[in-house]
There are 2 protein chains.
Amino acid sequence: MVPEAMTFDLERSTEVLARTPGALRALLSGLPDAWIRGTEGPDTFSAFDVTGHLIDGEETDWIPRAKIILAGGPNPAFEPYDRFRHRARNVGRTLESLLDEFASLRVANLDLLHSWRLIGDQLELPGIHPTFGRVTLRQLLAAWVVHDLGHVAQIARVMAKQYKEEVGPWLEFMPVLTDHERPRS
Amino acid sequence: MVPEAMTFDLERSTEVLARTPGALRALLSGLPDAWIRGTEGPDTFSAFDVTGHLIDGEETDWIPRAKIILAGGPNPAFEPYDRFRHRARNVGRTLESLLDEFASLRVANLDLLHSWRLIGDQLELPGIHPTFGRVTLRQLLAAWVVHDLGHVAQIARVMAKQYKEEVGPWLEFMPVLTDHERPRS
């Protein structure tokens, strides 16, 4: 039996969001730069970069946009999101300090989300995305979850590619090594 | 500066292999079936299935094949690997018990690998893969690392897809939702 895809559920969403910092820590903490600074090529993200990008999301994307929606003003337009904010921000930082910071920010954001005690109607409130226009709070929160999981997948893929030349004929059995040959970061 | 892809290194490899069980636990432990049992469609793996598949790898693939190589016999042919062994094996099991079992098997296998104190020449010893023929111990061990990371990426992708219908227009910004539309499991 193939289960149906889930419909959005706030508790189901926060269960995943709460686990991401620990998952990154378990995967990455203590690894040498060879694993955490490797990329998929020029202008693509390393595991270090992705962690910084997730921090940017906590500070400038998901919860700030939810606040704009919940403020209920006449023009709930989101600020454009800077996907490269982390590059200048995190020069000289260690991955360990970014992992700690991401975990703290996430806890605080989930505490805030919980404190709103959102009910069904509120999830349908609109915001205006700078690229694709009208979205709902429900879609924003679902996208936050998917964004996390997409970046966990990206980190694993970027790490795997550091061994692309080492697996010999296994290459054809390991799609993770050839996924996103032109990555979108 | 884009770092060079890594060349195979035994210590670098075991650093990743040692982290995978903890990463799966951090990502999955305590989640409800809606996240753990969701798939990408008929005949594809859920997070539960992938965990079972990784256990199969510990019991029947990587270390058993390394043993065949190191035995140095005249025909170091690997047993074919059953990618669906876990389906019958794990009926009635909980994910928690699989996560525990995977962690125990992995520790034991890494202890064994360490006990061999492999040196450079041994890494070039050959085995015969049932599909693509001659491979080396070095390639086998590199493939073990990549296999782990590919399945971490798969778990994150399969979970993300449970919300594919929920993100609205973010779909176009989230390649994880459309990767592997015809998954190879």
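Of the 106 residues that form the largest nonpolar core, the members that touch the most others are A:Leu28, A:Trp170 and B:Trp170. The structure is a predicted model, and the values reported here are computed from it. The surroundings of B:Trp170 are found across the chain boundary: when neighbours within four places in sequence are left aside, B:Trp170 is in contact with A:Trp62, A:Arg65, A:Phe78, A:His129, A:Phe132, A:Val135, A:Gln139, A:Leu140 and A:Ala143. A:Trp170, for its part, is among the contacts of B:His129, a residue described in more detail below.

The area buried between chain A and chain B amounts to about 5,700 Å², and 73% of it lies on carbon and sulfur atoms. Within chain A, the residues that lose the most area to chain B are A:Met6, A:Tyr163 and A:Trp170, which together account for 14% of what that side buries. In terms of residues, the contact draws 68 from chain A and 68 from chain B. Between the two chains there are zero salt bridges, whereas 12 residue pairs are in polar contact, with both residues of each pair at pLDDT 80 or more.

On the side of chain A that touches chain B, at least two residues each are supplied by helix H1 (10–28), helix H2 (33–36), helix H3 (47–71), strand S2 (133–136) and helix H7 (137–161). The largest share of this side, 15 residues, is contributed by H7(A). By residue class, the side of chain A that touches chain B comprises 39 nonpolar, 16 polar and 13 charged residues.

Chain A as a whole contains seven helices and two strands, and its elements follow the order α-α-α-α-α-α-β-β-α from the N terminus on. The C-alpha trace of chain A spans about 55 × 50 × 30 Å along its principal axes. Of the 185 residues in chain A, 54% are buried. Among the contacts in chain A that join residues at least 6 apart in sequence, 71% link residues at least 24 apart.

B:His129 belongs to strand S1 (residues 126–129) of chain B and is buried, with a relative accessible area of 5%. A polar atom of the B:His129 side chain lies 2.9 Å from the backbone nitrogen of B:Thr131, and the backbone nitrogen of B:Phe132 lies 3.3 Å from a polar atom of that side chain. Apart from neighbours within four places in sequence, B:His129 is in contact with residues of both chains, namely A:Trp170 and A:Phe173 together with B:Arg65, B:Phe78 and B:Val135.

In chain A, A:Glu58 lies in helix H3 and is buried because its relative accessible area, 4%, is under 20%. With residues up to four places away in sequence not counted, A:Glu58 touches A:Pro64, A:Phe102, A:Leu105, A:Arg106, A:Asn109 and A:Trp144. In chain B, B:Ile55 is part of helix H3 (residues 47–71) and is likewise buried, with a relative accessible area of 0%. B:Ile55 is in contact with B:Arg89, B:Leu98, B:Glu101, B:Phe102 and B:Leu105, leaving aside neighbours within four places in sequence. The C-alpha atoms of B:Ile55 and B:Arg85 are 9.8 Å apart in space, although 30 residues separate the pair in sequence.

The backbone was also examined for positive phi values. Most residues other than glycine have a negative phi. A:Asp43, a residue other than glycine, has a positive phi near 60°, and B:Arg117, also not a glycine, has a positive phi of about 45°. A:Asp43 is placed in the loop between H2 and H3 of chain A and is exposed, with a relative accessible area of 65%. B:Arg117 occupies the loop between helix H5 (95–115) and helix H6 (120–123) of chain B, and with a relative accessible area of 62% it is exposed.

Definitions and conventions. Residues numbered from 1 in each chain as written. Chains lettered and ligands numbered in written order. Predicted model: local features only at pLDDT ≥ 70, side-chain atom pairs only at ≥ 80, totals over all residues. Heavy atoms only, no water. Helix = DSSP H or I, 4+ residues; strand = E, 2+ residues; numbered from the N terminus. Buried < 20%, exposed > 50% of the residue type's maximum accessible area, 1.4 Å probe, protein only. Polar contact = N/O pair within 3.5 Å; in protein donor to acceptor, adjacent residues only side chain to side chain. Contact = heavy atoms within 4.5 Å. Core = buried A, V, L, I, M, F, W, Y, C linked by side-chain atoms within 4.5 Å. Buried area = accessible area lost by both parts, 1.4 Å probe. Salt bridge = Lys/Arg side-chain N within 4 Å of Asp/Glu carboxyl O. Nonpolar A, V, L, I, M, F, W, Y, C, P; charged D, E, K, R; others polar.
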